[in-house]
Amino acid sequence: MSAPPVVDLPIADERLAQDVANGLAAVEKLLRSSVESEDAFVTEVSKHLIEAGGKRFRTLMVLLAAQFGDPSAPGVVPGAVVIELTHLGSLYHDDVMDEAPVRRGSPSANARWDNTVAILTGDYLFAQASDLLADLGPELIRIQAQTFSRLVQGQIRETVGPRADEDPIAHYLGVLADKTGSLIAASGRFGALLSGSPADVEERLSRACEAIGVAWQLGDDLLDVASTGAQSGKTPGTDLREGIKTLPVLYALAAGDSPRLTALLSGPVAEQDVEEALTLLRAHPGMAQARAELEAWVNRARADISGLPDIPAKDAFLALCDYVVERSG
C-alpha cells in the first residue's frame, strides 16, 4: 500500500518528487511488515494507527535529508521506519496520558481497547524500532537513545509544568524542542548519516529539522485559535477546552491586560465560553507574538538550510519552511 500525501508539500523537481514518492512507498511497506506478529491481535492493534493515516512528516525529513548523500543507500528506508515507529509508539502513550478518545479521526487504541493494551502496544513498537535499529550500527543506536531521552524528558517537563521560578514561555518552548523537535531533528540526522552525507551537512540538517518541528507545533497552536474547523480539520478551541496553555495563551496571560480573558484562560474553558475566549484571544497581541516566535524558528531553519549544497532537496526544504509559515495563517 502506498503512503498518503505528505503535508501537501509540492516538490518542483520531478526526479526528486519521484524519489520521495518511491521512498514513501518503501517505508510504508516496511513499516507495516515490521509490526507483523504471530499473534493476530498484536498485529491488529499495532497497525491501528498506521492504518489511520498520518502525514509521515518525519519520514519526509529522512528522505529529503538523504538526498545530500546517496538516497538509495540500504539503511535509509529502515532508518525512516525506526523514526516513524518511535513516533507512533509515543502516540499510543500520549493518548493514554491525555485520555484522548480519538486519534487521526479514528477511536484511539485506549478508547477502542483499554489503557493497558495501548501502553503495551506503544512498548511493542519501540521494541520493533530497536530491532531494526540494531542493524544500522552503534552510532545510530546512540542517536536514537539520546533522542528518546529528550522526548521523555520533554513529556515529563510538560506533565509537571514550569517551576515556580521558571518563565512559563521559556519552559513551553523547551518542552516543544524536546518533545516534538528532537525526533524531527533525529529524522534529518538519520537521513544524512545513512546516506553518507558530510558531517557539516548532517549538523545543519539536524538543527534545521528541529527548528522546523518546533515551528510546526507553534503553527498548530495558532491554528487552534485562528482557524475555522474547515481550514484545519480540527475544532477551533480544542486546546482551550482541554486547558492546554499554548503559546498565544501564555503570552496573553503574561500580559495580564484583559481581566476577562485572564479569567477565561485560567483553566479549561467551559463550552459556553469558548467562542468568547476565541474572540478575545484572536484580537490579543499575544497572537502576533506567537506568530513572530514561529517565524523566528523558521528563520533559524532557513539559516542552516541556506548553507547546504545547491540541489533540489535544498529548495524542497526551503519550500517546507514557507509552507510552515503559510499554513499557520
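Rings of Phe, Tyr and Trp (for Trp, its six-membered ring) form an aromatic pair if their centres lie within 6.5 Å; planes under 30 degrees apart count as stacked, over 60 as edge-to-face and the rest as tilted. By this rule, the chain you see above has four aromatic pairs. Welcome to a predicted model, where local features need pLDDT of at least 70, side-chain atom pairs count only at pLDDT 80 or more, and totals for chains, interfaces and linings use all residues. Residues are numbered from 1 along each chain as its sequence is written, and side-chain values use heavy atoms, with hydrogens and water left out.

**The chain overall**

- You will find 17 helices and two strands here; helices (H or I, at least four residues) and strands (E, at least two) are DSSP runs, numbered from the N terminus.
- The chain has 329 residues, and 53% of them count as buried (buried means under 20% relative accessible area, exposed over 50%, partly exposed in between, with a 1.4 Å probe and protein chains only).
- Among contacts (heavy atoms within 4.5 Å) between residues at least 6 apart in sequence, 74% join residues at least 24 apart.

**An aromatic cluster**

- Ring pairs join F57, W216 and Y323 into a cluster.
- F57 and W216 make a tilted pair, with 4.8 Å from centre to centre and 35° between the planes.
- This pair ties together distant parts of the chain, since F57 sits in helix α4 and W216 in helix α10 (residues 199–226), 159 residues apart.
- W216 and Y323 are stacked, because their ring centres are 6.0 Å apart and their planes lie at 20°.
- Here too, distant parts of the chain are linked: W216 belongs to helix α10 and Y323 to helix α17 (residues 312–327), 107 residues apart.
- F57 and W216 are both buried; W216 has a relative accessibility of 10%.
- Y323 is buried as well, at a relative accessible area of 19%.

**Where α1 meets α4**

- Helix α1 (residues 14–34) and helix α4 (residues 57–66) have axes that come within 10 Å and cross at roughly 130°; axes are lines fitted to C-alpha atoms, for helices over the stretch in contact, and angles run from 0 to 180 degrees between N-to-C directions.
- α1 and α4 are therefore oblique to each other (under 35 degrees is roughly parallel, over 145 roughly antiparallel, 65 to 115 roughly perpendicular, and the rest oblique).
- On the α1 side, L16, V20, G23, L24 and V27 meet T59, L60, L63 and L64 of α4.
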